[in-house]
Amino acid sequence: MGQGGQSRHPQPRDAELGAAVARAQAGDETAFAVAYRIVQPGLLGYVRGLVGEDAEDVASEAWLEIARDLGRFRGDGAGFRGWTATIARHRALDHLRRQRTRPRAARLEQDALELPGRHSTQDQALESLSTEHALELVRALPRDQAEAVLLRVVVGLDGPAAARVLGKRPGAVRTAAYRGLRRLARRLLCDGLPDPDLPS
């Protein structure tokens with residue numbers, strides 16, 4: 001589990017991420033914070049696609065494990081992104097198994113407690129709605145397609161890295177992502193949204 005593979009299609013900040021991870025492994029807490037800020041948005045989106053509203057709790061559990069096992073990781077920035085996605089996936093699957101065995105307690109909505117930020121409430125609401133709508137559409141896909149789309153598009157992993165996270169062949173993951181994206185495109189067309197491939 002502590003090995004990270006090489007990415008053929010590096011993300012824009014993978015070099016910075018790899019350097020931050022190496023410094024964090026040497027004990028630099030600030031570097032760990034840098035790695036967290038780079039990885040967390042995509043990782044949280046992936047987990048939200050798997051578990052819904054409990055994503056922040058599950059991602060927090062994943063980060064505790066990531067911090068604990070950081071010294072065992074070997075690889076570059078892209079490999080770290082894949083390694084963290086694997087850990088987050090395991091925590092998400094554990095969470096889903098626990099949910100099936102016990103009833104869920106209602107939680108106070110954290111959004112009601114947050115103070116307004118520097119962005120307008122309208123902008124935040126529209127962004128939240130569009131993100132939630134997109135994740136609802138992805139969650140409606142068959143599970144293999146949903147996970148492939150989330151790992152490839154939200155987390156930014158290439159086919160081989162996503163395949164390692166899912167324990168599948170890269171071709172199977174590419175096919176699942178392609179089918180999922182095609183299904184999403186058809187759904188968006190059925191919802192009355194314009195086809196992005198057609199001229200306006």
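Visitor: What share of the contacts in the protein chain with a separation of 6 or more comes from residues 24 or more positions apart?

Guide: This is a predicted model, in which local features need pLDDT of at least 70, side-chain atom pairs count only at pLDDT 80 or more, and totals for chains, interfaces and linings use all residues. Residues are numbered from 1 along each chain as its sequence is written, and side-chain values use heavy atoms, with hydrogens and water left out. A contact means heavy atoms within 4.5 Å. Among contacts in the protein chain with a separation of 6 or more, the share from residues 24 or more positions apart is 70%.

Visitor: Which pattern does the protein chain follow along the sequence?

Guide: Helices (H or I, at least four residues) and strands (E, at least two) are DSSP runs, numbered from the N terminus. The protein chain has zero strands and eight helices. Read along the sequence, its pattern is α-α-α-α-α-α-α-α.

Visitor: Is arginine 91 buried or exposed?

Guide: Arginine 91 is found in helix H4. Leaving aside residues up to four places away in sequence, arginine 91 touches Val58, Glu61, Ala62 and Glu65. Buried means under 20% relative accessible area, exposed over 50%, and partly exposed in between (1.4 Å probe, protein chains only). Because its relative accessibility is 17%, arginine 91 counts as buried.

Visitor: Is alanine 15 buried or exposed?

Guide: Alanine 15 has its place in helix H1 (residues 14–25). In space, alanine 15 lies 8.3 Å from alanine 78, C-alpha to C-alpha, although 63 residues separate them in sequence. Since its relative accessibility is 67%, alanine 15 counts as exposed.

Visitor: Which residue caps the N-terminal end of H2?

Guide: Helix H2 covers residues 29–51. At its N-terminal end, a side-chain oxygen lies 3.0 Å from the backbone nitrogen of threonine 30. The residue that supplies this oxygen and caps the helix is aspartate 28.

Visitor: Which residues make the contact of H4 with H6, and how do they divide by type?

Guide: Helix H4 (residues 77–101) and helix H6 (residues 143–155) pack at an angle of about 145 degrees, their axes 12 Å apart (axes are lines fitted to C-alpha atoms over the stretch in contact, and angles run from 0 to 180 degrees between N-to-C directions). H4 contributes Arg81, Ala85, Arg89 and Leu93, and H6 contributes Arg143, Glu147, Leu151 and Val155. Ala, Val, Leu, Ile, Met, Phe, Trp, Tyr, Cys and Pro count as nonpolar, Asp, Glu, Lys and Arg as charged, and the others, Gly among them, as polar. The contact therefore divides into four nonpolar, no polar and four charged residues.

Conventions: Bend = angle between axes of the 7 residues up to and from the residue. Polar contact = N/O pair within 3.5 Å; in protein donor to acceptor, adjacent residues only side chain to side chain.
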